[in-house]
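I opened a new notebook page for this structure. My plan was to look at the whole first, then at single places.

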Amino acid sequence: MPSCCLSGGYQDNSLQVYSLGRPKAVNHVIRHVDIMTCLAMDNCGRHLVSGSRDTTCMVIEITQQVI
């Protein structure tokens, strides 16, 4: 898996994926209906948990397709 940076908190409720070797976003994922307020990765780096102002938490399996 390539090195990347994951970020949330955007007005479009998306999770942005940035490759550390590129200057722009390489993917984005929209699952929440309001702005993401927190992100946490599990110890293995395979699952990302996101929390949102919509009062939900979501678990996203990190795959090559997401990145």
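**Overall size.** I began with the radius of gyration, taken over C-alpha atoms. The globule rule is 2.2 Å times the number of residues to the power 0.38. With 67 residues, a compact globule would come out near 11 Å, and the protein chain has 11 Å, so the two agree. I then looked up the spans along the principal axes: the C-alpha trace covers about 35 × 25 × 15 Å.

**Ground rules.** I noted that this is a predicted model, where local features need pLDDT of at least 70, side-chain atom pairs count only at pLDDT 80 or more, and totals for chains, interfaces and linings use all residues. Residues are numbered from 1 along each chain as its sequence is written, and side-chain values use heavy atoms, with hydrogens and water left out.

**Elements.** I looked up the helices and strands, which are DSSP runs numbered from the N terminus (helices: H or I, at least four residues; strands: E, at least two). The protein chain has 0 helices and 6 strands. From the N terminus on, I read β-β-β-β-β-β.

**Surface and contacts.** Accessible areas come from the Shrake-Rupley method with a 1.4 Å probe, and for residues only the protein chains shown count as cover. The protein chain exposes about 4,400 Å², and 52% of it is supplied by carbon and sulfur atoms. I sorted residues as buried (under 20% relative accessible area), exposed (over 50%) or partly exposed (in between), with a 1.4 Å probe and protein chains only. Of the 67 residues, 30% count as buried. Contact means heavy atoms within 4.5 Å. Among contacts with a separation of 6 or more, residues 24 or more positions apart account for 25%.

**The sheet.** Which strands form the open sheet, and in what order? I found 3 strands in the order β4-β5-β6, with antiparallel pairing. Two strands pair if DSSP finds at least two bridges between them. β4 and β6 stand at the edges with a single partner strand each, so one side of each has no neighbour in the sheet. Neighbouring strands of this sheet are turned by 20 degrees against each other on average, direction ignored. Axes here are lines fitted to C-alpha atoms, for helices over the stretch in contact, and angles run from 0 to 180 degrees between N-to-C directions. Between β4 and β5, I noted 5 bridges.

**Met36 and Ser52.** I picked one bridge to follow. Met36 sits in strand β4, and its bridge partner in β5 is Ser52. Is Met36 buried or exposed? Met36 is buried, at a relative accessible area of 7%. Ser52 is buried too, at 9%. Leaving aside neighbours within four places in sequence, Met36 is in contact with residues including Gly8, Asn13, Leu15 and Ser50. Its C-alpha atom is 7.4 Å from that of Ser14, 22 residues apart along the chain. With residues up to four places away not counted, Ser52 touches His32, Asp34, Ile35, Met36 and Thr37.

**The salt bridge.** Side chains of opposite charge can pair when their charged atoms come close. I searched for salt bridges (a side-chain nitrogen of Lys or Arg within 4 Å of a carboxyl oxygen of Asp or Glu). The whole structure has 1. Arg46 and Glu61 form the salt bridge, at 3.5 Å from N to O. Arg46 lies in the loop between β4 (36–41) and β5 (47–52) and Glu61 in strand β6 (residues 57–61), so the pair ties together parts 15 residues apart in sequence. Arg46 is partly exposed at 47% relative accessible area, and Glu61 is partly exposed at 43%.
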